[in-house]
Amino acid sequence: MKISTITAHEILDSNGKPTLEVEVRLEDGTRALGQVPSGASTGKFEAVELRDGDQTRYFGKGVLGAVENVNVKLNQLLVGQDASDQTNIDRLMIEADGTDNKANLGANAMVGTSMAVCRAAARSQKMPLYRYFGQLSGQTQFQLPQPMILIMEGGKHGNWATDIQEFMIVPQRDKFSSFREMLRSGAEIFHTLGELLAEKKYSVGVGFEGAYAPEQLHSNQEAFDLIIQACERAGYKPGVQITLAVDIAASEFYGDNNYQLKSENNRVLTAEEWQEQVISWTNQYPLTSVEDPFNQDDWTDWSALTAQIGNKIQIVGDDLVVTNVKLIQQAIDQRAMNATLIKPNQIGTITETLAAIKLSSEAGFQSVVSHRSGETNDDLIANLVVGTTASQSKFGGPDRGERLAKYNRLLRIERELTNHQ
Ligand code: PGA
Ligand code: ZN
């Protein structure tokens, strides 16, 4: 079905910052939206998010330029094209942009358009979006993801309550009968942790991604200890039913060849000492997944850690590879990680996102589909994780509507699959 118009508007994301909503209309009257997320702790090599820089609006963060690129350039380029040929749509945009990093049209303009086209094509074919992703990626089997559920946050997302940016619990698939039950464990542990924090008179406000960010914590270690306690008090066995995952987002506290722990009185560690610290946490706690353990440029440190503990722990590359197949290939060649974080807006099109998942899969890497710290209620990524070989999701805490939009979509997909498969 052919595209008849593409329009965009400036809307706000979950942090009250401007972003784009793109609407695609097809000749058969189908309409669909794509709402663009935005990161705070972004990788250096992510595709470029166009911001206006006009200090008189939203402190320079407006996206009217990107909106204009959709309304004029992308509309002209794509009207009359077949929406169900996603590869062609994305290729046309990439060629029109003409840069390596989407700096010309803007990755935000492009990904919003790519998302809206994809959703419109699925809708026009009366196909649920996860099934459409299955069609695009040659998958006929659909599986709900194993969720990494955020319960505590720090770093840039949570007032530097801890240096580690995200503490997540991971319900073990073989210990739960359904996704719904895995999610229930996450919500129960989250609320139990809230109770524990309140007892200690720690703050129970949440960070960007819907999890507790108590500034009163004394160390990263204390966060781990409280989480273990919350699991037990909620009636779950850590290390058996529930394991832990972290996104360290280490580039955010790396400087002068050192890791500087703000939440621990600015304790400074060399890369070697930091590696020992990370490994000691993996020995002390039932940690099964560690994302961005090192600075994004220090590939040899990544390879050394993967060689040392990669056979028992998942090492996830986010800032290191930014959903970019060239960097993922480099990580495969250098054995720098063993799992890939997938964020469509890091690379700028659906086609390239699917290619990143495919390459990771072929290398034997798991893919973790992820939200951004700045989100909208768009639930495309919930469909993406079910419709592809990606097997894990990272959609934040069981709190804040823009996170629940994804979890609740997964619950709906699970109901649909159990009735019809
Ligand atoms: P971001 O954080 O969206 O702020 O980049 C998410 C992550 O680091 O995984
Ligand atoms: Zn990350």
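Q: Which residues do ring pairs link into a cluster in this predicted model?
A: The ring pairs link W160, F167, F224, F253, Y254, Y259, W274, W281, Y285 and F294. Rings of Phe, Tyr and Trp are counted as a pair if their centres lie within 6.5 Å, and a search of the whole structure on that basis finds 14 aromatic pairs.

Q: What makes the pair of F190 and Y212 stacked?
A: The ring centres of F190 and Y212 are 4.4 Å apart, which is within the 6.5 Å needed for a pair, and their planes meet at 10°, which is under the 30 degrees set for stacking, so the pair is called stacked. The two partners come from distant parts of the chain, since F190 belongs to helix α5 (residues 179-199) while Y212 sits in the loop between α5 and α6 (220-233), 22 residues apart.

Q: How do you know whether F190 and Y212 are buried or exposed?
A: Buried means under 20% relative accessible area. F190 has 1% relative accessibility and therefore counts as buried, and Y212, at 7%, counts as buried too.

Q: Why is K102 called buried?
A: The relative accessible area of K102 is 4%, which is under the 20% limit, so this lysine is classed as buried. K102 is placed in the loop between α2 (86-97) and α3 (107-124). Leaving aside neighbours within four places in sequence, K102 is in contact with A47, V48, I94, D97, A107, M110, I347, G348 and E352.

Q: What makes the phi of N257 and the phi of N266 worth noting?
A: Most residues other than glycine have a negative phi. N257, in contrast, has a positive value near 65°, and N266 has a positive phi of about 55° although it is not a glycine. N257 is found in the loop between β7 (254-255) and β8 (258-261), and N266 in the loop between β8 and β9 (267-270).

Q: How do you know whether N257 and N266 are buried or exposed?
A: Exposed means over 50% relative accessible area. The value for N257 is 60%, so N257 is exposed, and N266, with 52%, therefore counts as exposed as well.

Q: Which residues of helix α4 are buried, and what follows this helix?
A: In helix α4 (residues 129-137) the buried residues are L129, Y130, Y132, F133 and G134. The helix is followed by G138, whose phi is positive, near 70°.

Q: Why is the protein chain called as compact as a globular protein of its length?
A: The chain has 13 helices and 14 strands. Its radius of gyration is 21 Å, close to the 22 Å that the globule rule gives for 421 residues, so the chain is as compact as a globular protein of that length. The C-alpha atoms fill a box of roughly 60 × 50 × 45 Å along the principal axes, and buried residues make up 60% of the 421 residues. Among contacts with a separation of 6 or more, 69% are accounted for by residues 24 or more positions apart.

Definitions and conventions: Residues are numbered from 1 along each chain as its sequence is written. Chains are lettered from A and ligands numbered from 1 in the order in which they are written. This is a predicted model: local features need pLDDT of at least 70, side-chain atom pairs count only at pLDDT 80 or more; totals for chains, interfaces and linings use all residues. Side-chain values use heavy atoms; hydrogens and water are left out. Helices (H or I, at least four residues) and strands (E, at least two) are DSSP runs, numbered from the N terminus. The radius of gyration is taken over C-alpha atoms; the globule rule is 2.2 Å times the number of residues to the power 0.38. Buried means under 20% relative accessible area, exposed over 50%, partly exposed in between (1.4 Å probe, protein chains only). Contact means heavy atoms within 4.5 Å. Rings of Phe, Tyr and Trp (its six-membered ring) pair if their centres lie within 6.5 Å; planes under 30 degrees apart count as stacked, over 60 as edge-to-face and the rest as tilted.
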